[in-house]
Amino acid sequence: MATKATPQATSLEIQPLKRGRVKLRMMGRTPLYFNSMSSKAMRDLLIGGGRKTAAEKKHIKHNPEQEFKDSVYKKSFGETLLCFPAPGVKGAMATAALETEGIKKASVQRLIFLPQTHIQIWGKPQLKIDIVRSADMNKTPDMRTRAYLPRWCAEVEIAYVQPTLSAHSIVSLLTNAGSIVGIGDFRQEKGRGSFGTFDVLTEDSMGDFQEEWDELMLEDRAVQQDALDHPEYADDQTAELMQFMKEERSRRDITLVA
């Protein structure tokens, strides 16, 4: 009589995932609006905004020069003063996955890593004032001052899980993010604006972009600091509003002295 064979124990071998890494260049295709929350707004969120005194209510509502400086992301070291949060770039890639076949948004969030907390941004910021709509029920109009970069570029390092993703897939995904999402305020993703879009390049594939890249490399930390300290106006409307602001400040100062 045949005996029943005893099943042999088998071991499960799990191979660790591997990581690849690629450094890419982002060349701005449309201007970039910075959208950092001001220090004052963060302090108000931290401790709560108190009621204004009668003297404070007489002050002019906006301080464009300070709002301009507060709108940028800055870092204390590196080639540039201006930077942009790396999660914003990863978020753009995740959003682009919604319109990209073969990958899901959740996969991008899990399988892509940006080693930096902020990426360096080259370009000279200008002061720009725009009419915006508040988030209240009536969509009340207001004025907002931000740093505006007519030309800009950046470098970003992206790590990714292999073999699920490849360097080619990362380039394609970031390219799609540059076309249909963008970064910063009024970006393409939001629909109304088409700002913050970019082309994706590598050091070896600059082609016709090389000359512009070299020019932007000169708009580094020193140039950016000077631009924040002595702002240029981005357009005629902003220049007219700033002239009106200066006249109003002068008028109020004279009234207070009198």
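First, a term. A helix here is a DSSP run of H or I with at least four residues, and helices are numbered from the N terminus. Keep in mind that this is a predicted model.

Now to a residue. Val 171 sits in helix 6, which covers residues 167-180. What does Val 171 touch, leaving out residues up to four places away in sequence? Leu 24 and Val 200. Ile 158 is 13 residues from Val 171 along the chain, and their C-alpha atoms are 9.7 Å apart.

Next, strand 9, residues 153-162. Of its 10 residues, 7 are buried, so the rest of the structure largely encloses this strand. Look at its partners. Strand 1, residues 18-28, runs antiparallel to strand 9 and is joined by 10 bridges. There, Val 22 faces Ile 158. Strand 5, residues 112-113, also pairs antiparallel with strand 9, over 2 bridges. Phe 113 stands opposite Ala 159. Strand 6, residues 118-122, is antiparallel to strand 9 too, with 2 bridges. Trp 122 has Cys 153 as its bridge partner.

Three strands make an open, antiparallel sheet in the order 2-8-7. Strands 2 and 7 are at the edges with a single partner strand each, so one side of each has no neighbour in the sheet. Strand 7 is joined to strand 8, residues 141-149, by 8 bridges. Arg 133 stands opposite Pro 141 there.

Terms used. Residues numbered from 1 in each chain as written. Predicted model: local features only at pLDDT ≥ 70, side-chain atom pairs only at ≥ 80, totals over all residues. Heavy atoms only, no water. Pairing = 2+ DSSP bridges. Contact = heavy atoms within 4.5 Å. Buried < 20%, exposed > 50% of the residue type's maximum accessible area, 1.4 Å probe, protein only.
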